[in-house]
Amino acid sequence: MRKILLFSFLILGSFLSFGQNEEEMKQWQAYMTPSEVHAEWAKNNGVWDTENTMWMKPGAEPVISKGTMENTMILGGRYQQSFYKSEFNGMPMEGMGTMAFDNKTKEYTSTWIDNFGTGMMVLKGKQDPKTGIIHLTGEMTDITSSKPMKVRETFEIVDENTHKMEMFFQYEGKEYMSMRLIFKRRMK
């Protein structure tokens, strides 16, 4: 009982320390309230059919497959969670990602995990105000060298029923397109 009481006081103290005055409370409220950007992302909820093209290295023959992506807004409309299913060279592939938009920094953060690895990819970036394309950059582990490898991704809403994602890896110090996904909204 004493542990529960102590824990309750710690939690209450943490909340009180975040907003010591009215202005700080207003800022916190604005930070935690889903914005127009979040409402726009919610329009991408639902099931999407994907056409995936992957290149293992520059000049390699592309590996083409089909898949599905299901998007759902979570935590009160603050984040979009995506579940992905496909096949790659005859093996089942499953992945999960999140997309966040930070109201303060106006920056996107994308996370990705799948059953083809044990690491997590985290990319950050901003949306180009002219083209609407989101440009994300980050690092992932190069499985051949075990060293960090730069990754770049673009995400484009072509129209309300078509999206395009392109990913770029490094190979021998040069960037190349490693993947292109075309998403088509599944109509009911």
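Trainee: Are Tyr 84 and Trp 112 buried or exposed in this model?

Mentor: In this predicted model, Tyr 84 is buried, and Trp 112 is buried as well.

Trainee: What makes the rings of Tyr 84 and Trp 112 an edge-to-face pair?

Mentor: Start with the centres: they lie 6.1 Å apart, and rings pair if their centres lie within 6.5 Å. Next, the planes stand at 65 degrees, and over 60 counts as edge-to-face. So the pair of Tyr 84 and Trp 112 is edge-to-face.

Trainee: Why do you say that this pair ties together parts that are 28 residues apart in sequence?

Mentor: Tyr 84 lies in strand S3 (residues 79–88), while Trp 112 lies in strand S5 (residues 107–114), so their pair ties together parts with that separation.

Trainee: Why is Tyr 171 called partly exposed?

Mentor: Tyr 171 has 31% relative accessibility. Buried means under 20% and exposed means over 50%, so a value in between is partly exposed. Tyr 176, at 10% relative accessibility, counts as buried.

Trainee: How many aromatic pairs are there by this rule?

Mentor: The count comes to eight. Ring pairs also link a cluster of Trp 41, Phe 101, Tyr 108, Phe 155 and Phe 183.

Note on methods:
Residues are numbered from 1 along each chain as its sequence is written. This is a predicted model: local features need pLDDT of at least 70, side-chain atom pairs count only at pLDDT 80 or more; totals for chains, interfaces and linings use all residues. Side-chain values use heavy atoms; hydrogens and water are left out. Rings of Phe, Tyr and Trp (its six-membered ring) pair if their centres lie within 6.5 Å; planes under 30 degrees apart count as stacked, over 60 as edge-to-face and the rest as tilted. Helices (H or I, at least four residues) and strands (E, at least two) are DSSP runs, numbered from the N terminus. Buried means under 20% relative accessible area, exposed over 50%, partly exposed in between (1.4 Å probe, protein chains only).
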